[in-house]
Amino acid sequence: MTANFLNTLSRPPGSLRLCCCPHQNVRLQRGPTSSALAPRLGPSRHLTTVQSWPDNQSSLYSLASRQEPQSQDNLWQDEDFGVGLQEEYAGPRSPPSNRAVVAAAAATRRTKRRWTQLGLETPFAASTVASVLAPPAPAPVSTAALPRSATRARHSAIPPPPKPVTSSTTLSDSMLLRYERDGFVVTRRLLPVDQLTTLRSACEAEVSQRRLESFRHRVRVLCPGVDPASLTSEAEVRDALQNHATDSLGFLQFFNLHRTNRAVCRVALGAELAAVASQLLGARRVRVYQDCVFLKEPGFAETNWHSDLRMAPLDTNDFVTAWIPLRPVRGARGGGPGRSPPDSGLMFAAGSHRDFALPFWHNMEGRDLSDRGYAMKDTGPMEVGDVSWHHGWTLHCAAPQPIGTPPRLALTVAFFADGARLLARRSDPTVRPELLHDEDAESYATWLSALTQGGQGGKGARDGAVARHKLLPVVWPLDASEAANFPL
Ligand SMILES: O=C(O)CCC(=O)C(=O)O
């Protein structure tokens with residue numbers, strides 16, 4: 001692989017050949033740039049990464065140049081290969097000689113491709129990259145058939161997206177690339193702080209009202225054999241958890257506050273989250289799956305490793321969760337040795353969303369991840385307004401909430417690309433229903449039964465039907481948003 005890649009760097013100016021890779025997740029190691037490319041790259045010395053993803057829906061190719069050593073905080077360091085990619089290609093802080101040369105995003109939906117030479121099968125990528133490496137002007141490119149994410153590359157040949165979002169909700173190509181590689185990304189200062197102040201008060205009020213209901217939910221999940229409805233006080237619940245729980249209490253969950261609460265609705269179904277979700281999903285049309293407040297009180301245990309799609313009765317990969325802390329958090333690693341302790345921010349097994357072999361070969365229940373070689377990455381400290389995003393298959397966990405810290409509340413909002421189908425648990429014998437964890441059943445019970453039984457709102461839908469229901473509102477594109485129907 002590396003040899004092939006380095007060979008590509010000694011080709012004549014204006015042509016860059018990328019080798020074919022049969023693997024699902026293509027990573028090409030960096031190499032010194034050829035003399036032919038060097039003038040275009042300035043004094044920098046390395047090409048960075050080229051990736052293709054296994055879903056046959058999107059590919060992002062990024063060529064970047066950099067000088068070493070790099071210390072800017074906008075430099076992304078790849079822990080596997082040590083490559084770097086500048087956050088902004090043409091930002092005002094960028095010295096021109098040290099900026100990335102080109103980012104080209106190319107996508108075709110449901111098209112099987114095998115790369116032998118960049119561009120031979122994808123005119124979009126070819127013209128974009130060639131235009132930078134070999135002036136003169138690039139060939140015009142049609143983006144008509146491309147999903148929204150493909151229109152994000154900063155290049156003159158690419159018209160802006162039909163519905164531009166504000167710069168704070170427009171993700172850079174390197175963020176998209178990082179998300180594809182790691183399975184998570186953090187968008188800083190995405191949400192206005194005043195909105196978050198209102199949101200926090202609203203969530204705190206809901207949490208105190210629904211506390212017993214939420215404790216009963218944990219009893220259902222953690223104490224098989226105990227009837228949650230028989231428990232009439234928090235003391236009884238705690239007693240049940242103490243005596244019958246199969247695991248420690250890591251959090252309390254409060255589902256779908258957006259359905260009835262205006263402040264939660266404004267954020268959960270709002271334009272900021274929807275815009276980012278559409279880019280991360282690469283989807284033209286996005287629905288909200290659920291919101292959920294996670295409360296961790298001091299002394300609560302860790303949130304176990306899990307991936308969210310295990311909890312969702314959807315047969316899809318196009319699923320992303322936004323995690324919004326309602327107070328500043330120091331992060332899963334805390335403030336470093338001798339400083340502040342961990343504060344239950346999220347921790348991710350980077351790249352686990354692409355680890356097809358793990359769930360294919362292994363039963364995930366209680367499985368130790370230490371032999372998988374994942375880089376364990378956390379969000380670091382997060383301020384109010386920052387949002388962390390993880391792919392539906394990314395394994396993640398959170399540290400226990402230390403005694404002496406204030407309770408930690410986080411609102412999560414999960415999105416999926418419109419068109420996803422329900423898991424056909426009854427009609428499709430190849431579906432392994434036992435793999436779906438029903439921990440979140442309270443969240444989806446209403447619309448799932450309506451869809452599978454053709455009840456109210458379901459209009460005769462069935463097992464394996466496309467997941468469309470008024471409780472799964474469209475939030476993107478904005479002109480199709482159903483947010484105005486909420487709160488109910
Ligand atoms: O906040 C937590 O502790 C867990 C959150 C979580 O699992 C999620 O956002 O999917």
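User: Where does helix α11 bend, and by about how much?
Analyst: In this predicted model, helix α11, which covers residues 441-453, bends by about 35° at Trp447.

User: And which residues of α11 are buried?
Analyst: The buried residues of α11 are Ser443, Tyr444, Trp447, Leu451 and Thr452, and Trp447 is also the residue at which the helix bends.

User: Stepping back a bit, how many helices and strands does the chain have?
Analyst: The secondary structure comes to 11 helices and 18 strands. Buried residues make up 43% of the 488 residues in the chain, and among contacts between residues at least 6 apart in sequence, 71% join residues at least 24 apart.

User: Ok, now the core. Which residues touch the most other members of the largest nonpolar core?
Analyst: That core has 91 residues, and Val264, Ala277, Leu411 and Phe415 are the ones that touch the most other members. Strand β16, residues 408-417, gives the most to this core, with eight residues.

User: What does Leu411 touch?
Analyst: Not counting residues up to four places away in sequence, Leu411 touches Leu199, Cys203, Val264, Val267, Asp291, Val293, Ile324 and Leu326.

User: Why is β16 described as largely enclosed?
Analyst: Strand β16 is largely enclosed by the rest of the structure because 10 of its 10 residues are buried. In a regular strand the side chains alternate between the two faces of the sheet. For β16, one side carries Arg408, Ala410, Thr412, Ala414 and Phe416, the other carries Leu409, Leu411, Val413, Phe415 and Ala417, and all of these are buried.

User: Which way do β8 and β16 pair, parallel or antiparallel?
Analyst: Strands β8 and β16 pair in the antiparallel sense over 10 bridges, and one place to look is Asp291, whose bridge partner in β16 is Val413. Strand β11 also pairs with β16 in the antiparallel sense, over seven bridges, and there Phe319 stands opposite Phe416.

User: What about β14, are its residues mostly covered or mostly open?
Analyst: Strand β14, residues 387-391, is mostly covered, since five of its five residues are buried. Val387, Trp389 and His391 lie on one side, with Ser388 and His390 on the other, and both faces are covered.

User: Which strands does β14 pair with?
Analyst: Its partners include β6, residues 184-187, which pairs with β14 in the antiparallel sense over four bridges, and in that pairing the bridge partner of Val185 is Trp389. Strand β11 also runs antiparallel to β14, and four bridges join the two, with Thr321 standing opposite His390.

User: Switching to the ligand, which residues are around it?
Analyst: The residues around the ligand are Phe251, Phe294, Lys296, Thr303, Asp308, Thr321, Trp323, Ala398, Ala410 and Thr412.
Analyst: The shell around the ligand divides into five nonpolar, three polar and two charged residues. Strands β8 (286-296), β11 (319-325) and β16 each supply at least two residues of this shell.

User: Where does Leu171 lie, and is it buried or exposed?
Analyst: Leu171 lies in the loop between α3 (123-133) and α4 (173-182). Leu171 counts as buried because 20 other C-beta atoms lie within 10 Å, and the cut-off for being buried is 20 or more.

User: What is Leu171 in contact with?
Analyst: Leaving aside neighbours within four places in sequence, Leu171 is in contact with Leu176, Val276 and Gln279. Leu171 and Val276 are 105 residues apart in sequence, yet their C-alpha atoms are 7.2 Å apart in space.

How values were computed. Residues numbered from 1 in each chain as written. Predicted model: local features only at pLDDT ≥ 70, side-chain atom pairs only at ≥ 80, totals over all residues. Core = buried A, V, L, I, M, F, W, Y, C linked by C-beta atoms within 7 Å. Buried ≥ 20, exposed ≤ 12 C-beta atoms within 10 Å, placed from the backbone. Contact = placed C-beta atoms within 7 Å. Near = placed C-beta within 6 Å. Nonpolar A, V, L, I, M, F, W, Y, C, P; charged D, E, K, R; others polar. Pairing = 2+ DSSP bridges. Bend = angle between axes of the 7 residues up to and from the residue.
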